[in-house]
Structures are given as C-alpha cells and as structure tokens.
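The points are grouped by topic.

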Amino acid sequence: MSDEITVVAILKTKAGCEDAVAKAMAACVPASRAEATNRQYVPNRDLDDPQTLIFIERWASRQALADHMETPHFKQLTAALEGLLETPLQVHILQPIA
C-alpha cells in the first residue's frame, strides 16, 4: 500500500467572512503546490453552503503533511484565518481501502 494520503480540510466561515477566507486559502495555493511532496492542493467552495470552504489535498505521506503544516505559507494561512471561522478547522486524513 502506498503512503500517499488525501486530506479533506473543511473550513466553516463566520457569516460575511467567506471572501476573506477564500482569499487566504488562494494565497496559500502556489507555495503549497510547489512543495515536492504535494500531489494536489485545491480550494473549493460548497455550492449549497457558501460558508463552507474545503481544501482537497493529496500528499506523499503523513510526514509530508506534517512538514507542510510547518511551512511559512501554511502558518500565514492559519494566522489569516484567526477570527474568521465559525467552528474549528476540521481535517480528515484519508487513505484508500481498496
């Protein structure tokens, strides 16, 4: 089995903060995609709930994700999100079962 993982990160914004969160997410994309262990890094907006924004990510391993979370661009993202989320960030780390 491969060490590759898929990450689904769900951000539930406070009302009126959707655009600020989307902008912060978009700012993190170029540097994240440039990381050697990144396979996919796509921010999405839930069409049925505009306050829900979701990252779909693929990383070479859990360690690659841990390394990503220590980068300056990820730390800048988390700082930019302070006060803008209604609920804490939800992160689901997935691996195929078949």
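**Aromatic pairs**

Two aromatic pairs are present in the structure, which is a predicted model. In one of them, Tyr41 and Phe55 are tilted, with 4.7 Å from centre to centre and 40 degrees between the planes. Tyr41 belongs to strand E2 (residues 38-45) and Phe55 to strand E3 (residues 52-59), so this pair ties together parts that are 14 residues apart in sequence.

- The ring centres of Tyr41 and Trp59 are 6.2 Å apart and the planes stand at 80 degrees, so this pair is edge-to-face.
- Tyr41 in strand E2 and Trp59 in strand E3 are 18 residues apart, and their pair links distant parts of the chain.
- Tyr41 is buried, with a relative accessible area of 1%, and Phe55 is buried at 3%.
- Trp59 is buried as well.
- Tyr41, Phe55 and Trp59 make up one aromatic cluster.

**Salt bridges**

- The structure has four salt bridges.
- Glu4 and Arg39 meet through their side chains in a salt bridge of 3.7 Å, N to O.
- This pair links distant parts of the chain, since Glu4 is in the segment before strand E1 (5-12) and Arg39 is in strand E2, 35 residues apart.
- Glu4 is partly exposed, with a relative accessible area of 25%, and Arg39 is partly exposed at 41%.
- A network of salt bridges links Glu4, Arg39 and Arg58.
- Asp49 and Lys12 form a salt bridge in which the closest N and O atoms are 2.5 Å apart.
- Asp49 sits in the loop between E2 and E3 and Lys12 in strand E1, 37 residues apart, so that pair too links distant parts of the chain.
- Asp49 is partly exposed at 22% relative accessibility, and Lys12 is partly exposed at 23%.
- Glu70 and Lys75 form a salt bridge, with 3.3 Å between the closest N and O atoms.
- Glu70 is exposed, with a relative accessible area of 54%, whereas Lys75 is partly exposed at 44%.

**Cysteines**

- The structure has zero disulfides.
- Cys17 takes part in no disulfide, and the nearest cysteine sulfur, that of Cys28, is 18 Å away.
- That distance is too far for a bond between Cys28 and Cys17, because a disulfide needs the two sulfur atoms within 2.5 Å.
- Cys17 is buried, with a relative accessible area of 15%, and Cys28 is buried at 2%.

**Helix H3**

- In helix H3 (residues 72-81), the buried residues are His73, Phe74, Leu77 and Leu81.
- Viewed down the axis of H3, these buried residues fall within an arc of 100 degrees, so they line one face of the helix.
- Pro72 and Gln76 are exposed on the other side of H3.

**Nonpolar surface patch**

- Leu89, Val91 and Ile93 form a nonpolar patch on the surface, and together they have about 220 Å² of accessible area.
- Leu89 is located in the loop between H3 and E4, while Ile93 is in strand E4 (residues 90-94).
- Leu89 is partly exposed at 38% relative accessibility, and Ile93 is partly exposed at 33%.
- Leu89 and Ala79 are 10 residues apart along the chain, and their C-alpha atoms are separated by 13 Å.

Technical notes: Residues numbered from 1 in each chain as written. Predicted model: local features only at pLDDT ≥ 70, side-chain atom pairs only at ≥ 80, totals over all residues. Heavy atoms only, no water. Patch = residues over 30% accessible without salt bridge, like charges linked within 9 Å, V, L, I, M, F, W, Y side chains within 5 Å. Areas by Shrake-Rupley, 256 points an atom, 1.4 Å probe, with all protein chains shown as cover. Helix = DSSP H or I, 4+ residues; strand = E, 2+ residues; numbered from the N terminus. Buried < 20%, exposed > 50% of the residue type's maximum accessible area, 1.4 Å probe, protein only. Phe/Tyr/Trp six-rings, centres within 6.5 Å; stacked < 30°, edge-to-face > 60°. Arc of directions from axis to C-beta.
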